[in-house]
Every structure is written in C-alpha cells, then in structure tokens.
Amino acid sequence: MHPNPRQLKLLNRLQSAGSCSLETLANDLDVTVQTVRRDVQRLAEASLLIRFHGGVRLPNSTIENIAYRQRAQLHAAEKERIAQAIAREIPNDCSLLINIGTTTEAIARALAGHTGLRIITNNVNVAYTLGRQPGCEVILAGGSVRPRDLGIVGEATVEFIRQFRADIALMGISGIEADGTLRDYDFREVKVSQAIMQSAREVWMAADTSKFHRPAMVRLGELSQIGRLFTNARPPEPFPGLLKAAGVDCVIAP
C-alpha cells in the first residue's frame, strides 16, 4: 500500500502520540470521523496500524521495523531538516562512514555540492546518491544485500568496515529508550553499525523525535558513545538530562 498524504499525516500523528481515538484524529486532520474510519480500515488491512476499542495505534513491535517504503515517507520533512542541518556542519575534504537508514539517505541527498568527500557505506542507496556527485569517492562495503532496503550486512561487512578510520560517522537509529540505550531491530545491522561507530573519530547521530521512547530488540550502544545528536525538536523527558549527562551536543534543526 502507498498511503496518500492524509493517511501519512495520520501515521505521523500516531508516531508522535503512540495511540489516538478516531475523534482526535478527525479533529487533527480536519476531516470527518467517517473519513478517518475509512483510512484506518485501509491502513489496518495493510498492517500499518492496529485498531483497538476506542482508537488506533502503531504496531510498535520490538522485533520488526516498519516497512522501508513507509519509513521513507514518515516524518520526511523532519528528516530533510535534520539532513540539511548536518550537511551544513560537514566540511569539504573529509571522510565519512554512513550506515543504513532513511534518515542517512536524506543526509546523502543533502550533501550534494560538497567536494572532496570520501564516503564508506553499507547503504546501496547512499552509494548511488553520492557516487554520482563530482568530486566524491564512494567505497561500498561488501556483504549480503538485504532486499527490503538495499542495506549490506554480515560478518564480511563488519570486517570490511574495520579497515578504516574516518573523520565522522553519520548514524541513523531505530529507537532510543529511556535508559539511554540505542536500539535497532536486526542484529546483523547492529554489528555493522557498531563497527562504524568504532571506526570513526566522531559519531554524529540523526534521529527525529519519533525515535525517542521507541522500543527495539537489539542493543546498539549508549548515548555516551555519541558526540552530537541532530533532531527536529526538543527531545521529550528524560532525554535532555540524559544527553547532558552523557556529554552529547544536541542540535535542533531549524
């Protein structure tokens, strides 16, 4: 299913709120409850949300992420703002490690116009975007290509990444829990992301506010392993205190 703009707004609202009544959604979207009910029915049939007595919620699984195509559309404007904020901070003539994720793909698009970049990535979409930029060199990791998002994972990928020492790692993340742990869904992807973090002099993480309090099964690391966190709004509690205690520079994209 390809959600229409109104349905994407509905899903974005659920990402922020966790759950909503049909009446609340109708008010937020400025449509009738009947319209919301039809949208909810279609989205539920596509397994993009779950209906319960009195309202709806996202699946919120700890073991499986939202489908790639839907992730690319959710919070797209916020991701673009974050990407532009990061791109403004990236100097020319530096080396970057970039992991899998729709936000890091937005960063790759925002880096158009930079020169002298050397990019090492396990993300085929990032490689395709930056590989066409004059003055950029892209090194694509070897390993197993994951069909759903063209991410490259596996032990061969980990060993390949460990050869490098880059200036900055640009990281996306699936979830940040209230204890400060960084979380993701695929243990093979996590192994590669851990190698990327260990192979960079600085680690910058991009996460829109829907990623806070979002559970996922596999532990990637801790907030203290990040130098800078780029997001689109002030993080909810208790994250401002956690970020300060961990020494993380939190940058809110304008």
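Me: So helix axes are lines fitted to C-alpha atoms over the stretch in contact, with angles running from 0 to 180 degrees between N-to-C directions. With that in hand, at what angle do the axes of H2 and H3 cross?

Reply: Just keep in mind that this is a predicted model. The axes of helix H2 (residues 22-29) and helix H3 (residues 33-45) cross at roughly 110° and come within 9 Å. H2 is therefore roughly perpendicular to H3, because angles from 65 to 115 degrees count that way.

Me: Which residues make the contact between them?

Reply: On the H2 side they are Leu 22, Glu 23, Leu 25, Ala 26 and Leu 29. H3 brings Val 33, Val 36, Arg 37 and Val 40. Sorted by class, the contact of H2 with H3 has seven nonpolar residues, two charged and no polar ones.

Me: Ok, what about H6 and H7, how do their axes cross?

Reply: The axes of helix H6 (residues 102-110) and helix H7 (residues 124-131) cross at roughly 5° and come within 9 Å. That angle makes H6 roughly parallel to H7.

Me: And which residues in H6 meet which ones in H7?

Reply: Thr 104, Glu 105, Ala 108 and Arg 109 in H6 meet Asn 125, Val 126, Thr 129 and Leu 130 in H7. This contact of H6 with H7 divides into three nonpolar, three polar and two charged residues.

Me: How many residues of H6 are buried?

Reply: Eight of the nine, so H6 is largely enclosed by the rest of the structure. The buried ones are Thr 102, Thr 103, Thr 104, Glu 105, Ala 106, Ile 107, Ala 108 and Ala 110.

Me: Let's do H5. How far does H5 reach from its first C-alpha to its last?

Reply: Helix H5 covers residues 76-89, which is 14 residues, and it reaches 20 Å. That is close to the 20 Å expected at 1.5 Å a residue.

Me: Which residues are buried in H5?

Reply: Lys 79, Ile 82, Ala 83, Ala 85, Ile 86 and Ala 87 are buried there. One thing to remember when you look at a list like that: an α-helix has 3.6 residues a turn, so residues three or four places apart point the same way.

Me: Switching to strands. Are the faces of E4 covered or open?

Reply: Both faces of strand E4 (residues 95-98) are covered. Ser 95 and Leu 97 are buried on one side, and Leu 96 and Ile 98 are buried on the other. In a regular strand the side chains alternate between the two faces of the sheet.

Me: In which sense do E4 and E5 pair, parallel or antiparallel?

Reply: E4 pairs with strand E5 (residues 118-121) in the parallel sense, over four bridges. Ile 98 stands opposite Thr 121 in E5.

Me: What's the order of strands in the open sheet of three?

Reply: The order is E10-E11-E13, with antiparallel pairing. Strand E10 (175-176) and strand E13 (218-222) stand at the edges with a single partner strand each, so one side of each has no neighbour in the sheet. E10 and strand E11 (residues 181-184) pair over two bridges, and Ile 176 stands opposite Leu 182 in E11.

Me: Which strands does H9 lie across?

Reply: Helix H9 (residues 187-198) lies across E11 and E13, and runs at about 15° to E13.

Me: I clicked on Arg 188. Where does Arg 188 lie?

Reply: Arg 188 is in H9. Its relative accessibility is 35%, so Arg 188 counts as partly exposed. Leaving out residues up to four places away in sequence, Arg 188 touches Arg 146 and Val 153. The C-alpha atoms of Arg 188 and Gly 154 are separated by 5.7 Å, although the two residues are 34 apart along the chain.

Me: What is the phi of Leu 150, then?

Reply: Leu 150 has a phi near 60°, which is positive, and it isn't a glycine. Leu 150 lies in the loop between strand E7 (144-146) and strand E8 (151-153). At 34% relative accessibility, Leu 150 counts as partly exposed.

Me: And what is the phi of His 213?

Reply: His 213 has a positive phi of about 65° without being a glycine. The loop between strand E12 (200-206) and E13 is where His 213 is found, and at 42% relative accessibility His 213 counts as partly exposed.

Terms used:
Residues numbered from 1 in each chain as written. Predicted model: local features only at pLDDT ≥ 70, side-chain atom pairs only at ≥ 80, totals over all residues. Heavy atoms only, no water. Expected span 1.5 Å × (residues − 1). Buried < 20%, exposed > 50% of the residue type's maximum accessible area, 1.4 Å probe, protein only. Parallel < 35°, antiparallel > 145°, perpendicular 65-115°, else oblique. Contact = heavy atoms within 4.5 Å. Nonpolar A, V, L, I, M, F, W, Y, C, P; charged D, E, K, R; others polar. Pairing = 2+ DSSP bridges.
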